[in-house]
Amino acid sequence: MIRIQGLTKRFGANTVLGGIDLDIKAGERIVIIGPSGTGKSTLLRCINFLDRPDAGTIAIGDLSVDAAKATRRQILALRRATAFVFQNYSLFANKTARENITEALITVRGQSVSEADARADQVLRETGLSDKAGSYPAALSGGQQQRVGIGRAMALDAELMLFDEPTSALDPEWVGEVLDLMRRVAESRQTMLIVTHEMQFAREIADRVVFMDQGRIVEEGPPQRLFDDPQDPRTRDFLRRVT
Amino acid sequence: MRALDLDYMLGLVPVLLGYVPLTLAMALAAMVLALILASLLAVERVIRVPVLDSAVVLFISFFRGTPLLVQLFLFYYGLPQVLAFLTQINGVTAAIMGLTLHFSAYMAESIRAAITGVDRSQWEAAEAVGMTRGQMMRRIILPQAARIAAPTLVNYFIDMIKGTSLAFTLGVTEMMGATQKEAAGSFLYFEAFLVVAILYWIIVEALSFGQRRLETRLNRAFAR
């Protein structure tokens with residue numbers, strides 16, 4: 001169970017998140033949609049403190065962090081309870097595909113090299129990248145890089161996986177393989193919070209869709225209800241423009 | 001104009017070669033120490049620890065702002081008059097200390113620039129998996145900064161090898177000191193200094209070859 005309450009983020013005079021409340025059940029897959037610049041990515045980045053929220057609390061399991069007085073130790077604990085998939089992949093450029101997956105297992109989780117390697121082998125098989133284990137990111141296609149990025153997050157067995165527009169930077173030809181992999185992650189009942197513009201994908205895999213506008217949650221519900229019968233005029237307007 | 005005394009020059013080569021190990025040892029010791037010190041200074045400059053930061057800025061400013069020769073004299077001839085325990089210091093140690101402090105100031109600045117040159121995505125990815133700042137620096141940022149800084153750092157090493165010649169002003173008989181003595185005995189200054197110049201040149205050229213190998217290795221991860 002993950003509980004986000006009153007999460008607020010300001011950049012200068014600009015309020016990007018105006019008090020977000022969101023409960024996420026274990027195994028739940030939530031997709032966040034909404035116009036550009038509306039705070040969707042900032043919400044994700046505030047959950048693991050890549051951007052430091054100004055106020056609000058984030059609770060994951062036994063860990064509860066008050067943004068206003070979060071300690072360094074709490075922030076690390078929060079980051080270790082979550083896994084993040086970046087829009088621009090953000091693979092470690094000095095590490096091979098396999099090392100990208102094992103790095104945090106060894107350095108952060110304190111696993112032995114053989115333990116981490118075994119997990120990496122498994123993840124590389126699941127992501128279809130076994131033959132690319134020794135390749136550096138620069139030698140991989142965008143789609144392959146993002147699959148490594150997802151694999152790196154999968155290996156952490158995090159309580160919550162955060163996806164920040166994982167297909168937005170991809171050439172169209174690679175979008176399919178990345179969405180396929182995300183579908184398989186979703187089937188494993190991994191708890192996921194996904195920001196995406198892929199509406200068809202959201203409809204397929206989401207347990208719940210959240211529509212955000214101007215730093216607030218406007219409306220949320222099961223995909224069928226939200227997509228086919230949106231209640232708020234802003235949701236209707238947005239869906240008309242994107243579909 | 002008189003002819004070069006080639007026999008004298010050839011005879012001098014083995015004599016001076018005997019001092020190459022000392023020259024290289026001084027440069028290598030100073031380089032290793034300077035790299036460690038410079039990395040610490042650079043990391044501090046990036047994360048900016050209050051108070052300490054001002055001290056680091058002052059340190060870098062002083063050691064970049066004054067000549068190496070002046071610093072060597074200050075350590076070897078000056079400091080022992082103020083700090084009694086330094087009277088035991090020998091010329092080689094003083095030279096290594098001076099080279100370390102002097103070059104660490106320069107190297108700190110290029111390492112700092114290299115650290116800030118590492119793409120933002122690398123910092124965020126390291127943070128996102130829950131690395132501490134130390135882990136992030138050691139495992140992700142510094143290895144990538146090393147690649148960016150490598151060409152300049154090798155240049156400093158080359159400069160350092162040549163800088164060891166100043167140790168002769170502290171009474172150390174290294175390559176330069178030995179040449180000086182030889183020349184004073186034979187009065188063949190031109191021959192003697194030409195030989196030592198060529199020896200320094202050969203050492204630096206060998207190093208430049210190593211530099212190209214190193215850069216290829218560091219670029220391995222970035223080749224398409």
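What share of the contacts in chain A with a separation of 6 or more is accounted for by residues 24 or more positions apart? In this predicted model, for which local features need pLDDT of at least 70, side-chain atom pairs count only at pLDDT 80 or more, and totals for chains, interfaces and linings use all residues, the share is 64%, two residues being in contact if their C-beta atoms, placed from the backbone, lie within 7 Å. Residues are numbered from 1 along each chain as its sequence is written, while chains are lettered from A and ligands numbered from 1 in the order in which they are written.

Chain A contains nine helices and 10 strands, where helices (H or I, at least four residues) and strands (E, at least two) are DSSP runs numbered from the N terminus. The radius of gyration of chain A, taken over C-alpha atoms, is 18 Å, close to the 18 Å given for 243 residues by the globule rule, so chain A is as compact as a globular protein of that length; the rule itself is 2.2 Å times the number of residues to the power 0.38. A box of roughly 50 × 40 × 30 Å, taken along the principal axes, is filled by the C-alpha atoms of chain A. Of the 243 residues in this chain, 49% are buried, a residue being buried if 20 or more other C-beta atoms lie within 10 Å of its own, exposed if 12 or fewer, and partly exposed in between, with C-beta atoms placed from the backbone.

One open sheet of chain A is formed by four strands in the order E2-E1-E4-E5, with antiparallel pairing; two strands are taken to pair if DSSP finds at least two bridges between them. Strand E2 (14–24) and strand E5 (63–66) of chain A each have a single partner strand and stand at the edges, so one side of each is left without a neighbour in the sheet. From one strand to the next, the twist averages 15°. Strand E1 (residues 2–11) of chain A runs antiparallel to E2(A), to which eight bridges join it, and A:Asp23 in E2(A) is the bridge partner of A:Arg3. Helix H2 (residues 72–81) of chain A packs on this sheet, touching strand E4 (55–60) and E5 of chain A, and its direction makes about 125° with that of E5(A); axes are lines fitted to C-alpha atoms, for helices over the stretch in contact, and angles run from 0 to 180 degrees between N-to-C directions.

A further open sheet of chain A has six strands in the order E6-E7-E8-E3-E9-E10, and its pairing is mixed. Its edge strands, each pairing on one side only, are strand E6 (82–85) and strand E10 (216–221) of chain A, and the twist averages 20° from one strand to the next. Four bridges connect E6(A) in the parallel sense with strand E7 (residues 160–164) of chain A, and A:Leu160 in E7(A) stands opposite A:Thr82.

Chain B, by contrast, has nine helices and zero strands. Its C-alpha trace spans about 70 × 55 × 25 Å along the principal axes, and 35% of the 224 residues of chain B count as buried. Residues 24 or more positions apart account for 76% of the contacts in chain B with a separation of 6 or more.

The contact between the chains takes 20 residues from chain A and 19 residues from chain B. On the side of chain B that touches chain A, two or more residues are given by each of helix H6 (120–128) and helix H7 (133–163) of chain B, and the largest share, six residues, comes from H6(B). The residues of this side of chain B comprise nine nonpolar, six polar and four charged, where Ala, Val, Leu, Ile, Met, Phe, Trp, Tyr, Cys and Pro count as nonpolar, Asp, Glu, Lys and Arg as charged, and the others, Gly among them, as polar.
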